[in-house]
Amino acid sequence: MWWRWRRCGGGGGGGLKFKGQDQFSNNGYLFSLFQALLLSRPPSVSLLGLASQILSEDAKTDRKRKEETVMNESTVKNVPRLTSAAQVYLTQITNLFVQNLSIGVGINYGQIANNLPSPPRVANLLTSLNISRVKLYDADPNVLLAFSNSNVDFIVGLGNEYLQSMADPIKAQNWIQQYVTPHLPQTKISCILVGNEVFYSNDTQLKSSLLPAMQSIYHTLVNLGLDKQVTVTTAHSLTILGNSYPPSAGTFRQDLAQYIQPLLNFHAQINSPFLINAYPYFAYKDNPGQVQLEYVLFQPNQGMTDPSTNLHYDNMLYAQIDAVYWAMKAMGHTDIEVKISETGWPSKGDTDEAGATPENAGLYNGNLLQRIQEKQGTPAKPSTPVDIYVFALFNEDLKPGPASERNYGLYYPNGTPVYNIGLQGYLPVPGFDISASSNNALSVFSFLIILMASLICEHL
């Protein structure tokens, strides 16, 4: 770090001091305020206001001093400046603060576990990560309350067990008024996910209930005046495809056509996205001898070229997305956006689960985040950046199935990263549950601290 602290002992001089504090007597007030801000938890409004005033006055004084110094050619060398490293660092931090950057990726926040941190602590973790989009599998009021007055946008889930009853408009309205409207507008809810991977089931009654439930929820939102704010969709397993290779030959399964065709018509009517849970990991696990690991991990590889379109694919995920676009086109729709509601890679698995390692998980998610930051589109939709929710935030120890199912998390429940992909977050200790809105204020406070420290350095 380009500023350094030293511990001072003895008498009244104990406590934290900034190295070089004695050298800028003209700015003793600035240092005193800097210390006061550091010690205040949380920073008071008066201190922050005073900080702003002092920084403004100090900037005016500093400009005047520099102008006077520059006028005297013999003393130009005495003009104090930040080191180049400090300037670069401060510029980066300032840009992050001013633009309030989000990494652009969504995260799946599952809760099938008995050891997860409380929702307010999770709110602080996600705020510190600049993740502003979260997908839930329910509409947990504790989570939605914890994120009130934050910048986080939610997809909330309506479970498969509710689908058959949701065709009743009264029950649909009751559900929305119980789980959604109490949190608006203080918590941002932009989408209701009606069911999850319904067509993966063999339950024909459940499949038949999906579209009526979605329509009932949508019409309720219209009646409540919320349809422009909250959209309606559902998420599908990639197994709804009958063919996915090459991408231009993508088609939906024939046995599902009777359900998917009217569903696509509804998506087009209300302008809502078509969501897919896509896992290249499954393709590699099932056939590691034939599927190239580099191709599924976004690593350098020869890739494949679609013989019909001549489009080149350097990773499987983009090929899967485009296969869905082509499958929709085969049913007469080019007016629906495909989004990825789940994708990820497990860091651990059973002995027969090839490739489930922290190294591969880190490569998959790290390379994926890089492409999201670059706003890449797929070969068939190059101008439409891929929209992705990574699975998942935490390892979930109560999930059934093979070991991999419990090891998709980016984080352990104690807030430790499972592997390093550059996401440096902060999970408060238990008992330090502050709201997400308070955490946003602390972000402002942190910026002021850095800015004031830079001014202090400038006077050394």
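**T378**

I looked up T378 in this predicted model and found it buried, with a relative accessible area of 3% (buried means under 20%, exposed over 50%, partly exposed in between, with a 1.4 Å probe and protein chains only). I placed T378 in the loop between helix 13 (358–373) and strand 14 (388–390); helices (H or I, at least four residues) and strands (E, at least two) are DSSP runs, numbered from the N terminus.

I then listed the contacts of T378, leaving aside neighbours within four places in sequence: Y318, I321, D322, T384 and V386 (contact means heavy atoms within 4.5 Å). With D322, the side chain of T378 also makes a polar contact of 2.5 Å. A polar contact is a pair of N or O atoms within 3.5 Å; within protein, one must be able to donate a hydrogen and the other to accept it, and residues adjacent in sequence count only if both atoms are side-chain atoms.

**Strand 5**

I turned to strand 5 (residues 153–158), where 5 of the 6 residues are buried, so the strand is largely enclosed by the rest of the structure. I found strand 4 (residues 133–135) running parallel to strand 5, joined by 3 bridges; two strands pair if DSSP finds at least two bridges between them. Strand 5 also pairs with strand 6 (residues 188–196), in the parallel sense, over 6 bridges. I noted I155 as bridge partner of K135 and C191 in strand 6 as bridge partner of I155.

**Conventions**

I numbered residues from 1 along each chain as its sequence is written, and side-chain values use heavy atoms, without hydrogens and water. Local features need pLDDT of at least 70 and side-chain atom pairs count only at pLDDT 80 or more, while totals for chains, interfaces and linings use all residues.
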